[in-house]
Amino acid sequence: MIQNNYFQSNEDLKEHFYDLIDWNEIVPIYENQFSDAKLYESTKNARLEMAPSSVEEAVAYYEEILKSCGEISGMYVSQVASTVDAKGLKFENGEVIHPKDMVDVIQMYHDAGLGPAAFKRKYGGLGVPSIIKAMIAEIMYRSDSSITIAVGSMGLAAILEVCASEEMKQEWIPKLISGNYTVTMGLSEPDFGSDLPNITTKAVKNGEDWLLNGTKRFQTVACGINGNPGITLTLARTGTQESGARGLSFFIVENKDYQIQGIEKKLGIKASATCETVFENSKGHLVGKEGFGLVKYVMGMLNGARLSVSSQGTGIVTAAYEEAFKYANERIQFGKAIYEIPAVKRMLDRMERELAGMRCLMVEAAYSVDKYYWYEDGREVSPEESKTAKFWEKVANTLTPISKYYNSEMCNDLVYDGLQVLGGAGYTEDYDLSRLYRDARITNIYDGTTQIQVNAAIGGITSGMTGTGTFRAYLDHLAKGSEGNKTLTEIRNLFESIVDTFKLIQDKGTKEAYSFEVVESAARVVIGYLMEQSKNKSKSRKELRSKWCQEFHKDSYAILTSNHIKLKSV
C-alpha cells in the first residue's frame, strides 16, 4: 500500500479539520468551559495534564493526535497489512494465535496512547470529541481493518461511562486502558443474531456473584491478543424467557472466565478473530440496573459501533481510491496512462466525489453526537440548552443509522469500481484492492445490516418531516446559505414528494419493503446540503468542491426520481 502519513497526505480530511469544522462551537461545549484544565491546576491529577485551556490548545492537541495516528497507520500498519491478511489466524488447543507483525503494530498504537481514544481523561482516556474519534478511525481503517478492529475494540467499553456506577467506572476503565484489553459485544447467539429479545444465555445470582451460562457467536476478538486480557460486554437473561427485552441485563465477563470454542473462516478481515464463546458458570459483573441491558445499554453501545463502521467505510474507500488513482496514472496502455481513458477517469472521478460525500456524512454524524452527548454528563443546564441538546439527540438518533447504512453500502460500491480500474491485476492478491474488496463486504452486515439501519432511520425521517418535525428543522438548518441553489431546491421538493407518497402506502409489509427508497433519498439530500456547506466554507478547493457538488446533485436527482417512480407504482 501507499506509504505516507495518512493524515498529513489527505487533503480533504485536512480541510475538514483546519477549515470546515467550527471548533469554536464544539470545543467549549465538549470541554465544559475547560473544566478539566481548571481541575488540573488545583489537583495536579496526572490524567488531566493534557487538558486544553483554550480552543487553540484543544485544536493543537487534536492535531498532534491525528498526526501521530497518521504516521503509525500510513508508515507502518499499511506496510504489513497484506502480510497479516495472508498469514491470518491459527486456532490451537482453545487458543487464538495472531501474526507477530500484527501484534507489533498494535503495540505501536498502544505505545502512542491511541488505544483509549474513546474515554474521558478522568479515567485515563484521550478525552477527545466524537469528530476526532471518527477521524482517528478513518485513518486507521485506511491502513487495515483487522488491525484497527483489534485496537479500536476497546472503544466499545465507552458505554460504561454512561451506564456503569462511578465505582465500576473507576475500577474497570483504567484497567482496560492500562492492560490493553480487547472488548467485544456479547450479543449474537447461534440461534439468535439480530433477534436479541429472544436470546437464551442465562445469568443467575449466586450469593453476591452472577454466573452466566450459554453460547455466543460472532464475538470479535473475544480471545484477546495472544494471551492479553479481554472482556465481553455480555447481554444475558436475568428474567424469564417470556419477559423478552425487559428480562435482559448487561454484564462484564473476562476472557479468563469463558472458553473459545472456535473461530470463523471468513471471506475478509481474515486476521480479526471472530470467536464462538462458551459460558459455563462464568463470573459476570452486572453493569447498571437489571433489565436495562437491551433497551438502554446495548443500544447505546451499538450506536457507537455504527459510527465506527461509518468511518471504516470512509477509510477503506480512501485506500481503494488512492491505490486505484496511483495505478491508473502509472499503467500505460495504447500509448497513454489509463487515467486518460474517459471510462476509467469517470470511475475515478465518481469515487473521489462520493468519497467526499461519505466524509461529510461521517463528520456530520459525529458532530451531531458532540452537540448533545455532553448533556448526559449531568451538568446544570438552562431550559434553552436542554432544548437544543434534545434536538441534536433526535438528529443523531436518525443520522447514526443513516451514516452506517450509507457509508457501508457506498464502500462496497466504490471499492468495486476501484478494483475495476485495476482490471485483472486488481483480481489478484498482488495488489491491495483484492483485500480491500473482501474487507469491505462485512461493513454493511455487522453491527446491524443495512436493512436494520433502514428500519432504525425510517421513523425519524417520516415523523420528522411533519410541519414541526425534527428532521424537517434539521434540513432547514443545513439549507442555510444554499437557498438559491435551484438544483438542490428541486431535489428537496422531490424528497418531500417521496415522503408524502410513502405515507400514503397502507399495507405495513409493503411500507417496510419500500423504506429503503425513502432512507436513501434522505441520505442524498443530507449529503447534498453538507457538500454545499463545504464548498461555501472552502478556502483553497472551492472550484473542485463546486465540481463535486454539480455532479453529486445530478446523480441525486436521478436517484430520487427513480425512487419516486418506484413508490408511486406501489
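The buried residues of helix 1 are Asp12, Leu13, Lys14, Glu15, His16, Phe17 and Leu20. The model in which they are found is predicted. Helix 1 covers residues 11-20, and since seven of its 10 residues are buried, the helix is largely enclosed by the rest of the structure. The cover over these buried residues includes helix 2, helix 4, helix 6 (130-143), helix 11 (342-373), helix 18 and helix 19 (542-568).

**The chain as a whole**

- The protein chain contains 19 helices and 11 strands.
- A compact globule of 570 residues would have a radius of gyration near 25 Å, and the 23 Å of the protein chain agrees with this.
- The C-alpha trace of the protein chain spans about 70 × 55 × 55 Å along its principal axes.
- Of the 570 residues in the protein chain, 57% count as buried.
- The protein chain exposes about 23600 Å², of which carbon and sulfur atoms supply 50%.
- When contacts between residues at least 6 apart in sequence are considered, 77% of them join residues at least 24 apart.
- The side chains include 64 positive and 75 negative ones, and the centres of the two sets lie 3 Å apart.

- An unreviewed UniProt entry places the feature "domain: Acyl-CoA dehydrogenase/oxidase N-terminal" at residues 104-179.
- Over residues 104-179 the chain is 62% helix and 0% strand, with the end C-alpha atoms 16 Å apart.
- For residues 185-281, UniProt (unreviewed entry) lists "domain: Acyl-CoA oxidase/dehydrogenase middle".
- Over residues 185-281 the chain is 0% helix and 48% strand, and 19 Å separates the end C-alpha atoms.

**Buried residues within helices**

- Glu323 has its place in helix 10, which comprises residues 293-330.
- Glu323 counts as buried because its relative accessibility is 14%, and buried means under 20%.
- Not counting residues up to four places away in sequence, Glu323 touches Met1, Ile2 and Leu433.
- Glu323 and Leu422 are 99 residues apart in sequence, and their C-alpha atoms are 9.1 Å apart in space.
- Tyr529 lies in helix 18 (residues 515-537), and at 4% relative accessibility Tyr529 counts as buried.
- Tyr529 touches Leu475, Leu478, Ala479, Leu488 and Arg492, when residues up to four places away in sequence are not counted.
- The C-alpha atoms of Tyr529 and Ala356 are separated by 13 Å, while the two residues are 173 residues apart along the chain.
- Ser386 is found in helix 12 (residues 383-422), and its relative accessibility of 12% makes Ser386 count as buried.
- Ser386 touches Tyr375 and Val381, again not counting residues up to four places away in sequence.

**Residues in loops**

- Most residues other than glycine have a negative phi.
- Phe34 has a positive phi of about 65 degrees although it is not a glycine.
- The loop that holds Phe34 runs between helix 2 (23-30) and helix 3 (35-43).
- Phe34 is buried, with a relative accessible area of 12%.
- Lys44, which is not a glycine either, has a positive phi of about 55 degrees.
- Lys44 is placed in the loop between helix 3 and helix 4 (55-87).
- Lys270 is in the loop between strand 8 (259-263) and strand 9 (274-287).
- At 34% relative accessibility, Lys270 counts as partly exposed.
- Lys270 is in contact with Asp85, Gly88, Leu89, Ser146 and Arg438, leaving aside its neighbours within four places in sequence.
- Lys270 and Val84 are 186 residues apart along the chain, and their C-alpha atoms are separated by 8.4 Å.

Note on methods. Residues are numbered from 1 along each chain as its sequence is written. This is a predicted model: local features need pLDDT of at least 70, side-chain atom pairs count only at pLDDT 80 or more; totals for chains, interfaces and linings use all residues. Side-chain values use heavy atoms; hydrogens and water are left out. Helices (H or I, at least four residues) and strands (E, at least two) are DSSP runs, numbered from the N terminus. The radius of gyration is taken over C-alpha atoms; the globule rule is 2.2 Å times the number of residues to the power 0.38. Buried means under 20% relative accessible area, exposed over 50%, partly exposed in between (1.4 Å probe, protein chains only). Contact means heavy atoms within 4.5 Å. Accessible areas come from the Shrake-Rupley method with a 1.4 Å probe; for residues, only the protein chains shown count as cover. Lys and Arg count as positive and Asp and Glu as negative; His and the chain ends are not counted. The place of a charge is taken as NZ of Lys, CZ of Arg, CG of Asp or CD of Glu. UniProt positions are given in the numbering used here, feature names are shortened, and annotations may be inferred rather than shown by experiment.
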